[in-house]
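Here is a short briefing on one protein model. Keep the sequence and the 3D view open as you read.

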Amino acid sequence: MLLTIDHVMFPVYLGDQLLDEVEWTWKDRGYGNVFREAERREFLPLYCQSSRFYVEYLSNRSTFSYWSNAVFVVVPKVFWDYYKEPAHVSEHFLIPYFGSGYQLVSPEFPHLNSKLEGRSDEEFKLLVSPDLFKVLSNVAGQKWSMPDFVSPHSDLKHMHDVAVLDSEDRLVAPLYQANPALRGYF
């Protein structure tokens, strides 16, 4: 089965100014549909849609649970029972464990990238750590093939180390954060 990547999340704590800089950079580069939604109790969101998946930056509030960078993959709920003691489960999301580098999203989630209007023609690419690539190939105990725009990068060392590149191999996310492995993509 081909794994569907829905979106990639980059949370920062109390990072409203960082979101301003990221939004300016994305718009300056001409990335189609870049927008914010209203602030929620837990976070302030910023989105950038591409034809393949969207990127979500969140400025989390100090009262909200710990999150780390994560790739959201679409997995039918029939496979969710594979995770006997997940860190969090809701109607549309499952977190296997905190810091896992990925989360499951239900195909019934109304805001899947494939269901959204206004996606841009930009074709983002996703770099993940080799360990995360291996785990994603076996999400929920199933064998998955990776889309051709997902690649392991040997310099990404942690499960939650992920990076999004544009069609010119410029870094889309994470922007303005220290990671020497990504310097060549600025």
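Buried means under 20% relative accessible area, exposed means over 50%, and partly exposed is in between (1.4 Å probe, protein chains only). At 37% relative accessibility, Asp-169 therefore counts as partly exposed. The model is predicted: local features need pLDDT of at least 70, side-chain atom pairs count only at pLDDT 80 or more, and totals for chains, interfaces and linings use all residues. Residues are numbered from 1 along each chain as its sequence is written, and side-chain values use heavy atoms, leaving out hydrogens and water.

**The sheet**

- Helices (H or I, at least four residues) and strands (E, at least two) are DSSP runs, numbered from the N terminus.
- Two strands pair if DSSP finds at least two bridges between them.
- Eight strands form an open sheet with mixed pairing, in the order 2-3-4-1-5-8-7-6.
- Its edge strands, strand 2 (34-36) and strand 6 (88-89), each pair on one side only.
- Strand 2 runs antiparallel to strand 3 (residues 43-49), and three bridges join them.
- In this pairing, Phe-35 stands opposite Tyr-47 of strand 3.
- Helix 1 (residues 16-28) packs on the sheet and touches strand 1 (4-13), strand 2, strand 3 and strand 4 (54-60). Its direction makes about 15° with that of strand 3. Such angles run from 0 to 180 degrees between N-to-C directions, and the axes are lines fitted to C-alpha atoms, for helices over the stretch in contact.

**Strand 5**

- In a regular strand the side chains alternate between the two faces of the sheet.
- Is strand 5 covered on one face or on both? Both faces are covered: Ala-70, Phe-72 and Val-74 are buried on one side, and Val-71 and Val-73 on the other.
- Strand 1 and strand 5 run antiparallel and are joined by five bridges. Here His-7 stands opposite Phe-72.
- Strand 5 and strand 8 (residues 102-105) run parallel, with four bridges between them. Here Val-73 stands opposite Leu-104.

**Cores and rings**

- A nonpolar core is a set of buried Ala, Val, Leu, Ile, Met, Phe, Trp, Tyr and Cys residues joined through side-chain atoms within 4.5 Å.
- The largest such core has 48 residues. Trp-26, Val-55, Tyr-57, Leu-126 and Val-139 have the most contacts inside it.
- Contact means heavy atoms within 4.5 Å. Leaving aside neighbours within four places in sequence, Leu-126 is in contact with residues including Ile-5, Val-8, Phe-53 and Phe-149.
- Another core, of 13 residues, lies apart from the largest one; Tyr-47, Ala-70, Val-74 and Leu-112 are among its members.
- Tyr-31, Phe-53, Phe-124 and Phe-149 form one aromatic cluster. Rings of Phe, Tyr and Trp (its six-membered ring) pair if their centres lie within 6.5 Å; planes under 30 degrees apart count as stacked, over 60 as edge-to-face and the rest as tilted.

- Most residues other than glycine have a negative phi, and most peptide bonds are trans.
- Asp-169 is not a glycine, yet its phi is positive, about 60°. It lies in the loop between strand 11 (162-165) and strand 12.
- Ala-140 also has a positive phi, near 55°. Its loop runs between helix 2 (130-136) and strand 10 (150-152). Ala-140 is buried, because its relative accessible area is 2%.
- Why does Glu-85 count as exposed? Its relative accessible area is 75%. Glu-85 lies in the loop between strand 5 (70-74) and strand 6.
- The peptide bond from Ala-173 to Pro-174 is cis, with omega near 0°. Pro-174 is in the segment after strand 12 (171-173).
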